[in-house]
Amino acid sequence: MDILNIESSCINYCNRCEQAKKGPGCVGIKEENPETIFGVCGKTNIVSTRIDMINYFLNKYAEAMQGNTSKVSDASIRAILVAGFSTITNTNFDADRLRLYAISVMDACNADFGTSHVYPEDEAKCIQDNGYIHLLRERGEVLGGLIIYVEQGAYGSMAYAEHAVMESGTTEHIREHVITLMDCFYQSKQATDVPTMLGVMAAAGAANLTITQQLDDANFKSHGQQTFSHAELIPEAGKACIIVSGHSLSDIKSLLEYIKEHNYEINVATHGEMRRSHGQEELRALGLKHHFGSSWSKQRSEFKNVPAAILFTTNCIVKPLPSYADRVFTCNMVAMPGCEHIENRNWESICQKALELGGFTAEDVARYEEKYASAGQNNKLLFGGGYRTVLEHAGKIVDLIKRGVIKRAIFIGGCESSTRTTYYKELGENIPKDWLVLTAGCGSFLVNNNPALYGDFEGIPRVVDVGQCNDVFGAVQIALALQGALGGIPFDSFLSFSVSWFEGKALAWSLTLLAHLGIPLITLGPSLPRFLAPAVIDFLVENLKVSVIGDPKTDVETIISRM
């Protein structure tokens, strides 16, 4: 990592995700204007520093919480979740909001435990003395890197917990698990050896599994069971359109109801991981039928000059180009300077923008039809493969496995990387025709419309889209159910995981799969977060039986050799 060679003149250092600049991470220099230095993701240095301040005060809260968990208030749980969620890559670019979130955690700590923390006048000095550069220098690449791994994974779990609160309206069911995450912050800093860190990683992974179960329960209670349904990929001509990205089913339902109540002639299309909405019958009944584009990393090209308003309900937002910045709206924890932020689900302004833009033309529709036809791709996609729906067919799937019709299952998905994305396309093209593919998250766009993976097994789709990244919980439930039905055979005898990871949410799931559930032989890629120095990767390979992706064809051959 060469962390010791980062000069003291660096006012900021960010290694949170895999898209960081060459070297150990994105950096900025004191002599330059911190408002004009951008990381690869588009954050200015002051924004990244404010995120580090959130991390600083969350660690202070975790320290003060030791032996005092009964004093943790519900208001503090919510402050922790909102602040933690806002640190996720491609979520919040508003320095003022981030400062308020950091202060809210500081105030919660002072109120709950009687501490007397004050917000530092010199933020950069505070981070230099307490941030990740200091941590890596003090604890070394392996322990320091694993501490960052736990913290960034915990932020992903906090995002899922906030999703659960948004859907259920209460912190009641996730309170103890958020306290566990905060305790992992503290315990990771106390760890002096690798076995202790493995215990902390397992605890964080267990908390994430339970939190995502709570989110799954909240989604099920609020919106019902997913069912298989095809979504149109070709937009409708001559009608205004709002494209909704993110993960919040409650937000897209609220928007659809608002449009219906006001008799607006506006189509709503999903984008990114909001595609899961097409699996919800209640949302289809409100008029949802279209999906636009692919994953988060393509939005700058796919949204360029798009004649529709765009709503980001959660991560992942990319700094918009001038050609469409005026039609981007945010809500909840998402914020982007220059884009209107919607409070309290007041959708009037975004509806008016959509009506003003007018929607797609017949020429636009013809262009999209040609795009899919020339690629040999379907212009509809099958969504709604939630685990409850899939397990209704568990008996048939087990029979297909026992008869040799399905030889193996593989999970391909996670958070799509912005680099080396062709790997998963090529992986799909090299997978034998008798393998069942499960997918979830933005990584699904690399396989779910790949002609090489079209087909079915006697009516069971060859590619089953389980849903959003949080629905990896569902993929785990499918795997556990199949394992039980097959007599408790080891996971690696019938199932492989090829997980793309990028930022906190994917890191949370890697902690669950690797450290908590102990699922072996997981392949990670396509490139790794910057805090994972070679020594840390070697540790994961040796202790948790991880492998890093290589050549797609060779990786499939390796999986086959282990069968």
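Modeller: A cavity is a set of grid points where a 1.4 Å probe fits but cannot get out, whereas a pocket is an open set. Please keep in mind that the model before us is predicted.

Biologist: What is the volume of the largest pocket, and which residues lie nearest its centre?

Modeller: The largest pocket holds about 450 Å³ of space, and of the 20 residues that line it, Ser294, Gln377, Phe445, Leu446 and Asn449 lie nearest its centre. Helices α13 (362–374) and α16 (422–430) each contribute at least two residues to that lining, which divides into six nonpolar, nine polar and five charged residues.

Biologist: And what is the volume of the second largest pocket?

Modeller: The second largest pocket has a volume of about 380 Å³, and of the 18 residues that line this pocket, Asn59, Lys60, Glu63, Asn130 and Lys189 are the closest to its centre. Each of the helices α1 (45–65), α4 (123–130), α5 (132–139) and α7 (175–190) supplies at least two lining residues, and the lining of the second largest pocket has five nonpolar, six polar and seven charged residues.

Biologist: Which strand is joined to β3, and do the two run parallel or antiparallel?

Modeller: Strands of a sheet pair through backbone hydrogen bonds, either parallel or antiparallel. Strand β3 is joined to β10 (residues 380–383) by four bridges, and the two run antiparallel; the bridge partner of Ala231 in β10 is Leu381.

Biologist: In what order do the six strands of the open sheet come?

Modeller: The six strands form an open sheet in the order β15-β12-β11-β16-β17-β18, and their pairing is parallel. The edge strands are β15 (463–467) and β18 (547–548), each of which pairs on one side only. Within this sheet, six bridges join β11 (residues 408–414) to β16 (residues 495–500), and Ser496 in β16 is the bridge partner of Ile410.

Biologist: Now for a helix: what span should α3 have, and how far apart are its end C-alpha atoms?

Modeller: At 1.5 Å a residue, the 19 residues of α3 (residues 95–113) should span 27 Å, and the end C-alpha atoms are 27 Å apart, which agrees.

Biologist: Which residues of α3 are buried, and against which helices do they pack?

Modeller: An α-helix has 3.6 residues a turn, so residues three or four places apart point the same way. The buried residues of α3 include Leu98, Tyr101, Ala102, Val105, Met106, Cys109 and Phe113, and the buried residues of this helix pack against α1 and α2 (74–86).

Biologist: Finally, which peptide bond is cis, and which residues other than glycine have a positive phi?

Modeller: Most residues other than glycine have a negative phi, and most peptide bonds are trans. The peptide bond from Asn315 to Cys316 is cis, with omega near 25°, and Cys316 is found in the loop between β7 (309–312) and β8 (328–331). Asn332 has a positive phi of about 60° and is found in the loop between β8 and β9 (340–342), whereas Asn344, with a phi near 55°, lies in the loop between β9 and α12 (348–357).

Biologist: Are Asn332 and Asn344 exposed or partly exposed?

Modeller: Asn332 is partly exposed, with a relative accessible area of 27%, while Asn344 is exposed, because its relative accessible area is 76% and exposed means over 50%.

Conventions
Residues are numbered from 1 along each chain as its sequence is written. This is a predicted model: local features need pLDDT of at least 70, side-chain atom pairs count only at pLDDT 80 or more; totals for chains, interfaces and linings use all residues. Side-chain values use heavy atoms; hydrogens and water are left out. Two strands pair if DSSP finds at least two bridges between them. On a 1 Å grid over the protein atoms alone, a cavity is a set of points where a 1.4 Å probe fits but cannot get out, and a pocket is an open set with protein on both sides within 12 Å along at least five of seven lines; lining residues have an atom within 4 Å of a point. Grid points are joined across faces, edges and corners, and a volume is the space filled by probe spheres set on the points. Ala, Val, Leu, Ile, Met, Phe, Trp, Tyr, Cys and Pro count as nonpolar, Asp, Glu, Lys and Arg as charged, and the others, Gly among them, as polar. The expected span of a helix is 1.5 Å times one less than its number of residues. Buried means under 20% relative accessible area, exposed over 50%, partly exposed in between (1.4 Å probe, protein chains only). Contact means heavy atoms within 4.5 Å.
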